[in-house]
Amino acid sequence: MAVKDDKAANRKLLNRNLAQMLKGGVIMDVTNAEQAIIAEQAGAVAVMALERVPADIRRDGGVARMSDPKMIAEIQKAVSIPVMAKVRIGHFVEAQILEAIKIDYIDESEVLTPADDMYHIDKTKFETPFVCGARDLGEALRRIAEGASMIRTKGEAGTGNVVEAVKHMRKMRTQIAEVAALQSEQLATYAKDIGAPLDLVRYVAKNKSLPVVNFAAGGVATPADAALMMQLGADGVFVGSGIFKSADPKSRAEAIVKAVAYYGDPAILAGVSYGLGEAMRGLDVESMNDNDRLAKRGW
Amino acid sequence: MNIGVLALQGSVAEHLKMISSVNKKIGAIPVRTIDELASVDGLIIPGGESTTLRRLLDSFKLYTPIKERIMAGMPVWGTCAGLILLANRVEGETPYLSLLDVDVKRNAYGRQIDSFVGEGDFDNMYINMVFIRAPKITRVGDDVTVLAEYDGTPVAVRQDNIMATSFHPEMTRDNRVHKYFLSMCGKE
């Protein structure tokens, strides 16, 4: 039993550690091997393999599901960096399939159509690490309790509008500061109020941070957006539609990688933003129907 | 003494914290610029993605200054991605700094599901070794000392002022490998 416990504890650490290796990096959505190679050469730390980027999922409608393993395998073959892929919220069989093809990270994602309207996947049952979206501290800690090894803001994917990602990152930071300022006897009530397990709230109070890496995602379209999220405290950035929906994906991908590495240096940010061509078009989140908001999926 | 950690991407904060844990008087400096590089007495190239680090080192013209400092004797330690950047030969790729006489194969232990924690001797200390999508050292040159092996394969090596590990001591709570590197820096 001790050996088995050790093994599970090691796996949990190794999975969190891989996310730590990705810090300061950019993870890019790609839909085929050719895009994956462009992303790798531009300096992406990982790619997210999916059939349609969020902007197209939004446009096409219908049910969005896990990608074809054949397409994912082609991308795994094409690049040496980690390959991630998405499963529907609650769809643990899609996750089993991705584990069987040795995907490096599974994103249980609100961008796809949820498969379960009550429960997220029990991620502790998997050896493969999971990343999950969160809008606030309670949601992040619920996902971590279920076994997520990495958190990202939900933002509002496929809009090219960073406002929701900013909102979620700020909320998380504010709540972490709140927890850190509480007396120990106040933590149980706070945990109940945000719907999070007490042991994880205690961890946050003690360490003033989440127990896992926290990336920004959902609406990042420019080098300035990426650097904004880093300055707000993100450990790294996911860029979905923002790269391959822009006029010049290669240059934009390189520019965003540089902006994340040198996020605190305005002169470099100016240089990399210079003459990039048109960004993805983008959507005003305010004018969207509630039903069109992907961030509302998950609980 | 100031020890730098190349701070373009990867396990930077973890290394900085480890350096401070060995000795609070040692400056732990994130290195992103030529000026910052000039201010340090030793450099750690952290874990991360070697393709990303190469790209950024080239773009921000850090390749030559780093290579010159190492050739002039500055102690350097590469963990995982750092090992790949230092190696003389990388299977299937153009080598980068080519300063350490070893051959490496990227991701040779497999994908993330194959990542593991091992244990073994490092310079007569028994330590845990965290391997994450780790590169494998497939050949060691005559001037290279093997500091640690795992499963019969070298996983920590040293050639004069250059040290490299395919595992990640910065991911443990044990700072003895960092102490070893700092003692290399003290002798400069």
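Me: What do the buried residues of H3(B) pack against?
Reply: Elements from both chains. The buried residues of H3(B) pack against H2 and H12 of chain A, along with strand S1 (2–6), helix H4 (63–71) and helix H5 (81–86) of chain B. Keep in mind that this is a predicted model.

Me: And how many of the residues of helix H3 of chain B are buried?
Reply: 7 of the 10, with the helix spanning residues 50–59, so H3 of chain B is largely enclosed by the rest of the structure. The buried ones are B:Ser50, B:Thr51, B:Thr52, B:Leu53, B:Arg54, B:Leu56 and B:Leu57.

Me: What comes just after H3(B)?
Reply: B:Lys61, which takes a positive phi of about 55°. Most residues other than glycine have a negative phi.

Me: OK, zoom out to the interface. How many residues does the contact take from chain A and from chain B?
Reply: 35 from chain A and 33 from chain B. The two chains bury about 2,800 Å² between them, with 56% of that on carbon and sulfur atoms. On the chain A side, A:Leu14, A:Met21 and A:Tyr262 lose the most area to chain B, and together they make up 24% of what that side buries.

Me: What about salt bridges across the interface of chain A and chain B, how many does the rule find?
Reply: 5 of them. One of these pairs B:Arg111 with A:Asp104, where the closest N and O atoms are 3.2 Å apart.

Me: Which helices of chain A each supply at least two residues of the side that touches chain B?
Reply: Helix H1 (2–21), helix H2 (33–42) and helix H12 (249–261). H1(A) gives the most to that side, with 8 residues. By class, the side of chain A that touches chain B has 15 nonpolar, 11 polar and 9 charged residues.

Me: Switching to strands. Is strand S5 of chain A largely enclosed or open?
Reply: Enclosed. 5 of the 5 residues of S5 (130–134) in chain A are buried, so the strand is largely enclosed by the rest of the structure.

Me: Which residues point one way from S5(A), and which the other way?
Reply: A:Phe130, A:Cys132 and A:Ala134 point one way, while A:Val131 and A:Gly133 point the other, and all are buried. In a regular strand the side chains alternate between the two faces of the sheet.

Me: And what does S5(A) pair with?
Reply: Strand S4 (105–109) of chain A pairs with S5(A) in the parallel sense over 3 bridges, with A:Ile106 opposite A:Phe130. Strand S6 (150–153) of chain A also runs parallel to S5(A), joined by 4 bridges. In S6(A), A:Met150 is the bridge partner of A:Val131.

Me: Back to chain B. Where is B:Thr79 found?
Reply: In strand S4 (76–79) of chain B. B:Thr79 counts as buried, at 0% relative accessibility. Leaving aside neighbours within four places in sequence, the contacts of B:Thr79 include B:His15, B:Ile45, B:Phe167 and B:Glu170.

Me: Which phi does B:Cys80 have?
Reply: A positive one of about 60°, although B:Cys80 is not a glycine. B:Cys80 sits in the loop between S4 and H5 of chain B and counts as buried at 5% relative accessibility. B:Asn124 has a positive phi too, near 70°. That residue lies in the loop between strand S7 (116–122) and strand S8 (125–131) of chain B, but B:Asn124 is exposed, with a relative accessible area of 76%.

Me: Last topic: how many salt bridges over all chains?
Reply: 32 by this rule. A:Arg52, A:Asp56, A:Arg59, A:Asp60 and A:Lys245 are linked in a network of them. A:Asp60 is partly exposed at 40% relative accessibility, and A:Arg52 is partly exposed at 25%.

Me: Which residue forms a salt bridge with B:Asp103?
Reply: B:Arg89, with the closest N and O atoms 3.3 Å apart. The pair links distant parts of the chain, 14 residues apart: B:Arg89 is in strand S5 (87–90) and B:Asp103 in strand S6 (100–105), both of chain B. B:Arg89 is partly exposed, with a relative accessible area of 48%, whereas B:Asp103 is buried at 14%.

Terms used:
Residues numbered from 1 in each chain as written. Chains lettered and ligands numbered in written order. Predicted model: local features only at pLDDT ≥ 70, side-chain atom pairs only at ≥ 80, totals over all residues. Heavy atoms only, no water. Contact = heavy atoms within 4.5 Å. Buried area = accessible area lost by both parts, 1.4 Å probe. Salt bridge = Lys/Arg side-chain N within 4 Å of Asp/Glu carboxyl O. Nonpolar A, V, L, I, M, F, W, Y, C, P; charged D, E, K, R; others polar. Buried < 20%, exposed > 50% of the residue type's maximum accessible area, 1.4 Å probe, protein only. Pairing = 2+ DSSP bridges.
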